[in-house]
Amino acid sequence: SFFCSCSSGYALNADNRTCADINECAANNGNCDQICNNVIGSYFCTCSSGYALNADRRTCTDINECTKNNGNCNQTCTNTVGSYLCSCTTGYILNTDNTTCHRKINPGWSFHCFASLMLIRCKLKPIKN
């Protein structure tokens, strides 16, 4: 008589002789905070863009993109959850590259713009004297 067993990350098939990969991600997302990646005989956790994997290799923390080169923003960088926004000071307009600013064109008016990934939102406001 004999008894078969499987290595970690595998389960014994119904034939009691062969092993199959266990999809650890199928149960509770493999205890991963964000993304569970199943591989043959194992799994690993990763994080969405804008997040970093913690030392526990399961949880994720927001990255403050503004701490490195001001988020590549020309003037003001604002960290948001999972991302960041570039904006311009009064009298300047955010360019379509979402990072650089140029002086406003119309005297007496000011644009206040914020950019996040591919979205730019601007408000035109009169400058109060």
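## Basis of the model

The structure is predicted, and local features need pLDDT of at least 70, side-chain atom pairs count only at pLDDT 80 or more, and totals for chains, interfaces and linings use all residues. Residues are numbered from 1 along each chain as its sequence is written, and side-chain values use heavy atoms, with hydrogens and water left out.

## Overall make-up

The chain has 12 strands and zero helices. Both kinds of element are DSSP runs numbered from the N terminus: helices are H or I runs of at least four residues, and strands are E runs of at least two. Along the sequence the pattern reads β-β-β-β-β-β-β-β-β-β-β-β.

Of the 129 residues in the chain, 25% are buried. Buried means under 20% relative accessible area, exposed means over 50%, and partly exposed lies in between, with a 1.4 Å probe and protein chains only. The accessible surface of the chain is about 8900 Å², and carbon and sulfur atoms account for 53% of that surface. These areas come from the Shrake-Rupley method with a 1.4 Å probe; for residues, only the protein chains shown count as cover.

Contacts (heavy atoms within 4.5 Å) can also be sorted by separation along the chain. Among those between residues at least 6 apart in sequence, 17% join residues at least 24 apart.

Strand 3 and strand 4 pair in the antiparallel sense over five bridges. Two strands are said to pair if DSSP finds at least two bridges between them. Within this pair, Asn38 stands opposite Tyr43 in strand 4.

The two strands form a hairpin, with two residues between strand 3 and strand 4. Gly41 is in the turn and has a positive phi of about 80°. In a regular strand, side chains alternate between the two faces of the sheet.

## Disulfides

A disulfide is a covalent bond between the sulfur atoms of two cysteines. Here the rule is a pair of cysteine sulfur atoms within 2.5 Å, and the count by this rule comes to seven disulfides. Three of them, taken from this set, are described below.

Cys32 and Cys45 are joined with an S to S distance of 1.9 Å. The link of Cys32 and Cys45 is left-handed, with -75° about the S-S bond. Cys32 is buried at 7% relative accessibility, and Cys45 is buried at 6%.

Cys47 and Cys60 have their sulfur atoms 2.1 Å apart, and their link is left-handed at -90° about the S-S bond. Cys47 lies in the loop between strand 4 and strand 5 (51–53) and Cys60 in strand 6 (residues 60–62), so this pair also ties together parts that are 13 residues apart in sequence. Both Cys47 and Cys60 are buried. Cys66 bonds to Cys77 at an S to S distance of 2.0 Å, again as a left-handed link, with -75° about the S-S bond. Cys66 lies in the loop between strand 6 and strand 7 (76–80) and Cys77 in strand 7, so the tied parts are 11 residues apart in sequence. Both Cys66 and Cys77 are buried.

Cys4 is partly exposed, at 22% relative accessibility.
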